[in-house]
Amino acid sequence: MTRRFATPRLHLPAIATLVVLAAGGTSCGNRQNQVIPNRVLDRPLDVALACVRQEANGDLTPQSLELCSDAVSESVCGDLRLVGFVANSERNDIAMFSRCAGSVIDMNIGAPGPQLISAGEVPSSMTVTTGLQAGCFAVSGNLGSCDLSVLDVSGLASYAFEEPPEEDPAAYVSTVVPRRADGTPLGARPGQVLAVPPDLSNTGDPRQGCDPANPGSVYVTFPSCQLIAEVDLRTQRILQSRQFVRNPNNDAITVVDTGADPVCPIDCAEQFEDPDYAGALASAPAGDPDGMYPLAMALVTPPADPTACVDFADLEVQDVSLYVGGLGSDNIYELRYDGKTWTDDPLEFELTAAQGISVIRPTPPMLMASGPDPDPEPYQFLYVIAGDGSTRVVRREFSPNRTELGSECDTQVDPTVVTAAACHPAEFPGENPPDRRPFARGPGIRGPNGSLITDWTFQKWYSSAEVSAAGGSYDRCPSATADTAEASAEGRAISSPFTGPGVVGVASTSFGRLVFGVFDQFQDDRRISTAYDYLGIMDAQIPPHSLWPNVDPTLATTTIEALPRMEDKVPDRLLPNGIADPTVTRTLSPSLRRIDRAYETRVACNNDNDCDDVRCLLGEGESTGYCEQIGPALSPPVSEREQDRLAKSEEEDDVMASGLYENDVVRAVVRDYSAWVSGTWNLFWEGEIPGTTSASGQLLCEEPGWAGGTCLSTSAGDTRLVDKTAQFCERGVLGGDKLFILGCNQDPDCGAGQYCLLDPQAPAGSPGLCVSEVAYGASREELLQMCRPFLRDDCGAARREWAITRAFQQELWLQVLDRPVDSYVMMRQEKSSASTPVTDEEREALCRGDFVSGRVIDGEPTCARSNDEPNCGEEGALRAALRTTASSATPASSSARAGWRARRSSPTTAATRTPTAPRRRPITRCASTARASVRAGPTRTAP
């Protein structure tokens, strides 16, 4: 296996790491014993790399960058030297470093302080020539002086070999001012600079080697001019150009051929001091504030030699494409070629909500398996750094006859719904929001720990089998590293970058660190060791376009501490309103599946101490029995043979001795290993959606009910909550959510001129409704009778929930909820009859669930099985006629305080609830002011 650099560029944040890693290299000579501190760099913006060989006669010859890879030992301080050029923008110079020196090179050790290479003002973008002129010239785009600096790499590289020339370093630097065909300066600031391969350059026939008289050409973006142009580095003339013109009427962008004479707004007026340019200065157009501002470029070309180091994926690239993106547009443009000239039919692709494009980096072509088909297919991607801080991934089409640029891949898709591993199609919020990872912000890759990814580069490792199969020559590939050879020979798992075939992404971040990108390295059947994960519950795959994991969870040597795990404790149950002792008949919540040990159908025991609050049932003459089962068994029951083995056994020879948990913890299925972080999880069941509380809503209805206090909802939209200050759609309210009237507890909870209507017979703490002061004084008793279903419930606060059928930005359509009547069964004293009135104490005991079979208070069962207590259950218990129904009417109010609360229905408990025919009541208009909130419906989960 071998690797190839996909591009000779690396964004500057990587340079600090590069220099630090190289600092320990062998000394290159007495001249370089003085290490230049990196603080001589002042706001460095870009870096370009080159490889130079010292021939036997002492001549310096630039080489392909691949020859200076890590795999070639002589590339450190031998005849091959890796050198780099850094755009030192704040000091208007360019720093040269070498891997051998391990630091920036002082270009004049006789002068005080480190001396760098003088360039134009604010050098910002760097490139190095490629192809037949690989490494011959480095070019910087100078933002401040609106020109380019061309550096002779062969001449300057002599400093890296400790043989400085007699000439001043400035002798190896020339300035290029981009000009129109008539010689008039363009006057626009350059953005990105990209070297044009000699076989695509319009400067003449390509020649092998470094010819200072023919340095070739570069592509340059000029953001303020909305322009991209090819500039001849010898004549300084523009050879071809395209301008991106936005139509003010429909906002569409048209790519216009402006030839060799584009006209631009003037950024550098000093270039027009010659009187001959006075007319051009006076007639220059104004800038376009709504322009595309092209900045990013990327060039994709076919292999120069199809018999060289290539595989089948490389051979899929059959034509040339130049990709362009700008800070003022979310579109990527693909310029096609007719020979060396751009055609007039560019392709474009929109990255939804990208907020502009700053960098485009194509990956090397690669073979990847995707979906159920195990056979690999060729892929190539564009990694696009967008203005929203993410890296968007676009799959590039290969066909020369393509009519579309490509398609976007969703890198944040939930692993459980992936349909195409190599490129899952990106979808965006609309009527059907995408299935993405929790808390994902769009489909792009984001840096770790809040960092921003600033640039990408890629390395491709070849295997001899793939190169031979494609008809290539593996001998022409750079040799593989020893680590890779050893790993392959020993059959070890490949779990770190650069130790296996394929492509690896390398990204620099705003934190000054490097991160690596995954493609297909983890796409085989990688599983956590069965010693820890017997059933394969933990999905440890690392999908393509992910950041490289810090720990490979699939290695046999991986420790338990490195695996994604739950805390070894029984989960706490958080209950609403701080209820410490909830009633099973009123507070229902979803249950979380626990590890399989919790689902054993029979738990062995020797005495009661082995059981939790239940008896140990022992047969006559037996020393071992089973814990008594109280209430329904957990479902589904799991036998010991079928258990997940996540529970730890105390027996050293047990198959579960290596289990993870001593307690019956929640079993959370890991479906996104790379996103697993430490923290506490809270499950909200129809919890409130934040940021949606309002105090200015109004309930309106078409058909008033009892004395105008209720709404008879019979058709869609006839009962509505209207709030002119609301933003229901932006807050995420959907049809199927619920409106919840919170009510009041005291008069100050209501607005001016309103009283809080409370039912004196309601349980303590039951909220009331805000009514007008006039209505309260004139008809309080009538209001209590009319509004009773919304003020009182024998077993707690009245339920005031209504379904939302449609949601608009400032309006909600409401409908009553059908809810079954709840029947409660309680034990009555002997010799009492069903007609005996239920006392307050009995009602409270009933609502607490004191008479539920199996409940224990102070060590005594409140109601045992019917065969133990004749007065319990169907054989002797009297049924109280207490029945409650969640109100299915809505209180109409002139003002409502509205918000959202996500809440889901819970399954009933068979022992305590008996459903009967549902009841439906009209929507109430009792309240003049209602404190309301909206809760998410049972098909949604709140964040």
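Visitor: How far apart are the sulfur atoms of C750 and C770?
Guide: This is a predicted model. In it, C750 and C770 form a disulfide. Their sulfur atoms are separated by 1.9 Å.

Visitor: Is C750 buried or exposed?
Guide: Buried means under 20% relative accessible area. C750 has 10% relative accessibility, so C750 counts as buried.

Visitor: What is the relative accessible area of C770?
Guide: C770 is buried as well. Its relative accessible area is 1%.

Visitor: Is the link of C750 and C770 left-handed or right-handed?
Guide: The angle about the S-S bond decides this. For C750 and C770 it is -80°. The link is left-handed.

Visitor: What is the angle about the S-S bond of C701 and C711?
Guide: Both C701 and C711 are buried. Their link is left-handed. The angle is -75°.

Visitor: Where does C423 lie, and where does its partner C409 lie?
Guide: C409 and C423 form a disulfide, their sulfur atoms 2.0 Å apart. They are 14 residues apart and link distant parts of the chain. C409 is in strand β27 (residues 406-409), and C423 is in the loop between β27 and β28 (453-462).

Visitor: What is the relative accessible area of C423?
Guide: The link of C409 and C423 is left-handed, with -100° about the S-S bond. C409 is buried, at a relative accessible area of 1%. C423 is buried too, and its value is 9%.

Visitor: What phi does C146 have?
Guide: Most residues other than glycine have a negative phi. C146 is not a glycine, yet its phi is positive. C146 is found in the loop between β9 (137-142) and β10 (147-152). Its phi is about 55°.

Visitor: Is C146 buried or exposed?
Guide: The cut-off for buried is under 20%. C146 has 2% relative accessibility, so C146 counts as buried.

Visitor: Where is Q226 placed?
Guide: Q226 has a positive phi near 55°, and Q226 is not a glycine. Q226 is buried, with a relative accessible area of 6%. Its place is in the loop between β13 (217-222) and β14 (227-232).

Visitor: Which residues touch the most other members of the largest nonpolar core?
Guide: This core has 24 residues. Elements giving two or more residues to the core include β2 (44-54), β4 (80-88) and α2 (153-156). The residues with the most contacts to other members are F85, M96, I117, L151 and L156.

Visitor: How many residues make up the second core?
Guide: The second core is separate. Among its members are L721, V733, I741 and F790. Its count is 22 residues.

How values were computed:
Residues are numbered from 1 along each chain as its sequence is written. This is a predicted model: local features need pLDDT of at least 70, side-chain atom pairs count only at pLDDT 80 or more; totals for chains, interfaces and linings use all residues. Side-chain values use heavy atoms; hydrogens and water are left out. A disulfide is a pair of cysteine sulfur atoms within 2.5 Å. Helices (H or I, at least four residues) and strands (E, at least two) are DSSP runs, numbered from the N terminus. Buried means under 20% relative accessible area, exposed over 50%, partly exposed in between (1.4 Å probe, protein chains only). A nonpolar core is a set of buried Ala, Val, Leu, Ile, Met, Phe, Trp, Tyr and Cys residues joined through side-chain atoms within 4.5 Å.
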